[in-house]
Amino acid sequence: MNREVRVRFAPSPTGALHIGGVRTALYNYLFARKTNGKFLLRIEDTDQTRFVPGAEEYIKEALDWLGITPDESPWNPGDCGPYRQSERKPMYMQYAMDLVEKGHAYYAFDTAEELEAMRERLTAARVVSPQYNSITRTQMKNSLTLPEDEVKARLASGEPYVIRIKIPRKEEVRLNDLIRGWVMVHSSTLDDKVLMKSDGMPTYHLANIVDDHLMGITHVIRGEEWLPSAPLHVLLYKYFGWEDTMPQFAHLPLLLKPDGNGKLSKRDADKHGFPVFPMDWTDPNSGEKAMGFKEQGYLKEALINFLAFLGWNPGDHREMFTLDELVEAFSIERIGKSGTKFDINKAKWYNEQYLRAKTDEDLAAYLIADLETEGIQIDADKAAKIAHIMKERATFPADLWKEGKFMLIAPMEFDESVASKKWNQEAVIVLSAYKEKLSAFSGEFTPEVAKSILEEAAEANGIKLGKVMQAVRLAATGVGAGPDLMAVFSIIGKDELVSRISLALAKLPVQG
């Protein structure tokens, strides 16, 4: 292929963008960048009955957040616009009429009641999948069965009609899918799909083919759910005479439920408590709210990396990729055919890796923002120190505050399970001595100093420090486990540590 590579992502504005759609956009973007081609975004809004206000803006914001930026779109048009199908409406009829004139499509005047009666007859005759096809169309009300003058009269009177493709009765349709290899379908299994609806709007099938042709699309990378429609699209390219410029197809594997049984849905995600949308979404009609990866604390770099591996692999053991590195490594040949389990724990792992790779200063910004909502002021240096010792324990930015709040707020309660086993006379003796030595100390209170004074307090009383360390942590933090304790002490500060030890000594009853 000597043409410039041009790919497109063509979502419908019918609600929030599913994470499977984001993966499709990502693969298209990676392929375009890898081949120095162009990545287009086209809004497929021909079905106005399913249009949801705000959905188009959501698509734009989600892709912008992730850095999957189209070269051409409704907001950054190129030479092939408009980029909304509803704005392209006037031109589709001429292409449908071209097919009618060539004998590859026809007018159908059947009412909804007549179509239902046809399906009932076929069902009664034990036809498994009732269709309007090469056999049944001969018994229906269309321009193939009605006299020509009657057809003209019906059209002239303004009688509602649709235009259907005329599928051949006995023909093998073949396409070479870049992921699945040769796909062959017999035309007897296909039905005469509607190309133009009675409201004058094209169906997906017609608009999709016409737009891809006019926009110079060279590769159609889309979800597996469109594979059954691919033979119909191949026939349309043939009937239009566009076979020489027909794009190559690549149908992506499904995203499966965590257990691998069936396609991933919002219901499954809700059941397991994880998002399937890139950002929060509130349905404007129902008011139903759905959580997004962004608001749940997933970093965009982590989500991109995670999505890339849902169906693709680089052929080696690497797992961590920047967006630029993904571009360099990406190839359609390394996309698998089989569905991929949606493992949210892997997404969390990626988030942890990217979180830990950030600087303490970057993480401090997350912490400071969370603290502001709590009405707590903290300087950037202290926030960076907290972030430094907490990031190895954090999965999401919010964990820095949730898990590290004990460094800013003194505990009012103490873990009973730890206190019942570790808060004994030896712990009280060491902590009492430690408190006195801390009160007398003046100077820079570093982790090393905090540890040295504690060791002195234990040694002076002939008690091994290891026997009371959990009790020391309990007094200062309220719990029995956590990050490096001496680092925690230096962040808390000497005076606050003395106050916390005093509270624990006064409040906790000695065991044994």
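Predicted model: local features only at pLDDT ≥ 70, side-chain atom pairs only at ≥ 80, totals over all residues.
Trainee: Where do I start with the overall layout? Which domains is the protein chain divided into?

Mentor: Start with the domain bounds. Domain 1 takes residues 6–74 + 207–256, and domain 2 takes 90–196. Domain 3 takes 257–273 + 295–357. Domain 4 covers 359–407, and domain 5 covers 410–511.

Trainee: How many residues of domain 1 are in contact with domain 3?

Mentor: Count the residues on each side. Here 24 residues of domain 1 are in contact with 31 residues of domain 3. The C-alpha centres of these two domains are 20 Å apart.

Trainee: Now the strands. Do β1 and β2 run parallel or antiparallel?

Mentor: Look at direction and bridges. Strands β1 (residues 6–9) and β2 (residues 38–41) run parallel, joined by 4 bridges. For one example, R8 has L40 in β2 as its bridge partner.

Trainee: And is the β-α-β unit right-handed or left-handed?

Mentor: Follow the path from strand to helix to strand. β1, helix α1 (residues 19–34) and β2 form a right-handed unit.

Trainee: What does UniProt list for residues 11–21?

Mentor: Treat a record as a label, then check the geometry. The unreviewed UniProt entry lists residues 11–21 as "short sequence motif: 'HIGH' region". In the model, that span is 27% helix and 0% strand. Its end C-alpha atoms lie 8 Å apart.

Trainee: What does the UniProt annotation say about residues 378–504?

Mentor: The unreviewed entry annotates them as "domain: Aminoacyl-tRNA synthetase class I anticodon-binding". The model gives 63% helix and 0% strand there, with the end C-alpha atoms 25 Å apart.

Trainee: On to single residues. Is E44 buried or exposed?

Mentor: Compare the accessibility with the cut-off: buried means under 20%. E44 has 4% relative accessibility, so it counts as buried. E44 is in the loop between β2 and α2 (55–66).

Trainee: Which residues does E44 touch?

Mentor: Set aside residues up to four places away in sequence. Then E44 touches A10, P11, S12, P13, Q85, Y204 and N208. Separately, the side chains of E44 and R42 make a polar contact of 2.7 Å.

Trainee: Why is helix α6 largely enclosed by the rest of the structure?

Mentor: Count its buried residues. Helix α6 (residues 204–214) is largely enclosed because 9 of its 11 residues are buried. Among them are Y204 and N208, both touched by E44. The buried residues pack against β1, α3 (89–102), β7 (194–196), β8 (219–223) and α7 (230–240).

Trainee: What follows α6?

Mentor: Check the backbone angle there. G216 follows α6, with a positive phi near 70°.

Trainee: Where is R88 found, and what is it in contact with?

Mentor: R88 is in the loop between α2 and α3. Its relative accessibility is 4%, so R88 counts as buried. Beyond four places in sequence, R88 is in contact with C80, G81, P82, D211, L214 and M215. A polar atom of the R88 side chain lies 2.8 Å from the backbone oxygen of P82.

Trainee: One last residue. Where is I221 found?

Mentor: I221 is in strand β8. I221 is buried, with a relative accessible area of 2%. Beyond four places in sequence, its contacts include V7, T24, F31 and I332. L252 is another of those contacts. I221 and L252 are 31 residues apart in sequence, yet their C-alpha atoms are 7.1 Å apart in space.

Terms used
Residues numbered from 1 in each chain as written. Heavy atoms only, no water. Pairing = 2+ DSSP bridges. Helix = DSSP H or I, 4+ residues; strand = E, 2+ residues; numbered from the N terminus. Right-handed = clockwise from strand over helix to strand, strands pointing away. Buried < 20%, exposed > 50% of the residue type's maximum accessible area, 1.4 Å probe, protein only. Polar contact = N/O pair within 3.5 Å; in protein donor to acceptor, adjacent residues only side chain to side chain. Contact = heavy atoms within 4.5 Å. UniProt positions renumbered as here; feature names shortened; annotations may be inferred. Domains from an automatic or database assignment.
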